[in-house]
Amino acid sequence: MNTLIQEINRKAEHCPCGRHVRIEMHCSIGQGVLLQLPDYLTQVQCRNVLIVCDSNTWHAAGQKVARMLQQAGLSHQVCSVAPDALGDVIADEQSIVEIMLETTSETDCILAVGPGTIHDLVRFVCAKLHKRFISVPTAASVDGFTSAGAPLIIRGTKKTIQTTSPAAMFADTDVMMQAPKSLTAAGFGDMLGKYTSLADWKFSRETANEPFCPVVYELTQEALACCVEAIDEIACGTEAGIRKLFEALTISGFAMLLADHSRSASGAEHHLSHYWEMDGIRNGKKQLLHGAKVGVAAIIIARLYRGLAEDDRFPYGAIFRDIPQPEQLAALLHAVGAPTTPEELGIGSSLVERSLKEAFLLRERSTGLRWINMNNGWDFLNRN
Ligand SMILES: [Zn+2]
Ligand SMILES: [Zn+2]
């Protein structure tokens with residue numbers, strides 16, 4: 001991975017778009033890479049470490065990390081973030097304060113040991129308190145581990161705050177293989193969403209002249225292709241499958257870092273997913289996995305966009321004709337055991353309808369879904 005980072009930086013130097021952020025990160029992915037952590041910490045002179053986890057990830061990896069640090073003579077504190085009344089750990093004000101209370105002037109670095117939520121909390125606290133941020137993912141569940149944006153729930157509303165990317169990541173496939181299958185399936189769903197996000201990005205370049213980088217586009221596209229190719233191994237949960245999925249997610253994260261925006265990885269399918277998430281928070285519902293929602297939303301968006309592409313009056317059909325048919329996406333998601341319909345997620349048809357009309361307002365970004373809503377596109381689709 002570290003050679004890949006160098007290669008990405010080199011490619012970016014030659015890219016005509018000229019707008020990149022250099023990626024500076026130590027990145028280890030594979031079996032047993034957690035064992036490298038104490039040496040790394042010693043090398044970068046981190047002697048006081050705060051481990052942030054939740055009760056599940058404490059057992060999955062936190063405990064092991066704590067033992068290794070102790071053996072290496074590094075002192076550590078543990079902050080296990082408490083879940084809410086429904087049993088979910090939420091990236092909100094309360095959890096942020098909980099971690100800040102455990103962080104002292106002596107703390108050299110904070111380890112995020114857990115899923116995306118734990119990472120978003122630690123990323124925010126590290127940026128605010130100027131601490132070194134180290135990532136220890138426990139599941140191949142999202143593409144956001146290495147990114148700088150922290151989606152936080154502040155007073156019940158989701159806001160993405162630009163913070164900091166990790167200085168290092170140790171992604172141990174031995175740990176990630178033990179994660180619940182639903183988390184791996186969600187990671188695959190987040191990755192499949194790139195079919196529609198990449199199409200939306202091309203669409204935004206075409207229709208709104210939004211910033212576009214061919215290097216970032218190709219990186220994401222290749223990662224998506226590798227991931228889909230590995231579907232059988234991912235479905236079986238083999239080490240190779242989990243590694244390939246996690247590598248694809250990580251590369252998608254690097255692409256966002258390089259571009260300094262998330263257009264490659266997040267289009268209308270993510271806007272639907274965010275809309276559903278905010279509705280769930282408002283109504284006190286249990287949280288759904290990000291990638292599970294994105295996968296289902298990608299099927300819905302693929303159906304819409306393919307429908308548009310078939311209408312001669314739609315001027316950008318060529319962009320959307322490359323998106324796989326919704327049935328193909330559903331088959332891929334089904335193969336890894338991911339949900340394929342809103343009903344399976346407990347999302348009713350009225351919420352889906354509402355989100356299709358309103359989710360594009362969540363973000364000032366040109367997408368096919370925005371176009372449909374602003375240009376009577378629903379008439380096109382109804383006539384097909
Ligand atoms: Zn995502
Ligand atoms: Zn570029």
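This is a predicted model: local features need pLDDT of at least 70, side-chain atom pairs count only at pLDDT 80 or more; totals for chains, interfaces and linings use all residues.

Biologist: Start with helix 7 and helix 15. At what angle do they pack?

Modeller: Helix 7, residues 181–192, and helix 15, residues 326–335, pack at about 160°, and their axes are 9 Å apart. The two helices are therefore roughly antiparallel.

Biologist: Which hand does the crossing of helix 7 and helix 15 have, left or right?

Modeller: That crossing is right-handed.

Biologist: And which residues of helix 7 and helix 15 meet?

Modeller: From helix 7 there are Phe188, Gly189 and Leu192, and they meet Leu329, Leu332 and Leu333 of helix 15. Sorted by class, the contact between helix 7 and helix 15 holds five nonpolar residues, one polar and no charged ones.

Biologist: What about helix 7 against helix 11? How far apart are the axes?

Modeller: The axes of helix 7 and helix 11 are 10 Å apart, with a packing angle of about 40°; helix 11 is residues 239–259. That angle makes helix 7 oblique to helix 11. Here the crossing is left-handed.

Biologist: Which residues make the contact there?

Modeller: On helix 7 the contact uses Thr184, Gly187, Phe188, Asp190 and Met191. On helix 11 the residues are Ile242, Leu245, Ala248, Leu249 and Ser252. The contact of helix 7 with helix 11 divides into six nonpolar, three polar and one charged. Phe188 is listed in this contact and also in the one with helix 15.

Biologist: Next pair. How do helix 8 and helix 9 cross?

Modeller: Helix 8 is residues 194–208 and helix 9 is residues 214–229; their axes come within 10 Å and cross at roughly 160°. Helix 8 and helix 9 are therefore roughly antiparallel. Helix 8 passes helix 9 in a left-handed crossing.

Biologist: Who touches whom in that one?

Modeller: Helix 8 brings Lys194, Tyr195, Leu198, Trp201 and Lys202, while helix 9 brings Val216, Tyr217, Thr220, Gln221, Leu224 and Val228. By class, the contact of helix 8 with helix 9 has seven nonpolar, two polar and two charged residues.

Biologist: What lines the largest cavity?

Modeller: Its lining is Ser197, Asp200, Trp201, Ser204, Arg263, Ser266, Gly267, Arg365, Ser366 and Thr367. By class, that lining has one nonpolar, six polar and three charged residues. Trp201 is among those lining residues, and Trp201 of helix 8 is also part of the contact with helix 9.

Biologist: And the second largest pocket, how much space is in there?

Modeller: About 290 Å³. The second largest pocket has 16 lining residues, and those nearest its centre are Asp84, Asp88, Ile90, Asp92 and Gln94.

Biologist: Which helix gives the most to that lining?

Modeller: Helix 4, residues 93–102, which supplies three residues to the lining of the second largest pocket.

Biologist: How do the lining residues of the second largest pocket divide by class?

Modeller: Into six nonpolar, five polar and five charged.

Terms used:
Residues are numbered from 1 along each chain as its sequence is written. Chains are lettered from A and ligands numbered from 1 in the order in which they are written. Side-chain values use heavy atoms; hydrogens and water are left out. Axes are lines fitted to C-alpha atoms, for helices over the stretch in contact, and angles run from 0 to 180 degrees between N-to-C directions. Helices (H or I, at least four residues) and strands (E, at least two) are DSSP runs, numbered from the N terminus. Angles under 35 degrees count as roughly parallel, over 145 as roughly antiparallel, 65 to 115 as roughly perpendicular and the rest as oblique. A crossing is left-handed if the near helix is turned anticlockwise from the far one by less than a right angle, and right-handed if clockwise. Contact means heavy atoms within 4.5 Å. Ala, Val, Leu, Ile, Met, Phe, Trp, Tyr, Cys and Pro count as nonpolar, Asp, Glu, Lys and Arg as charged, and the others, Gly among them, as polar. On a 1 Å grid over the protein atoms alone, a cavity is a set of points where a 1.4 Å probe fits but cannot get out, and a pocket is an open set with protein on both sides within 12 Å along at least five of seven lines; lining residues have an atom within 4 Å of a point. Grid points are joined across faces, edges and corners, and a volume is the space filled by probe spheres set on the points.
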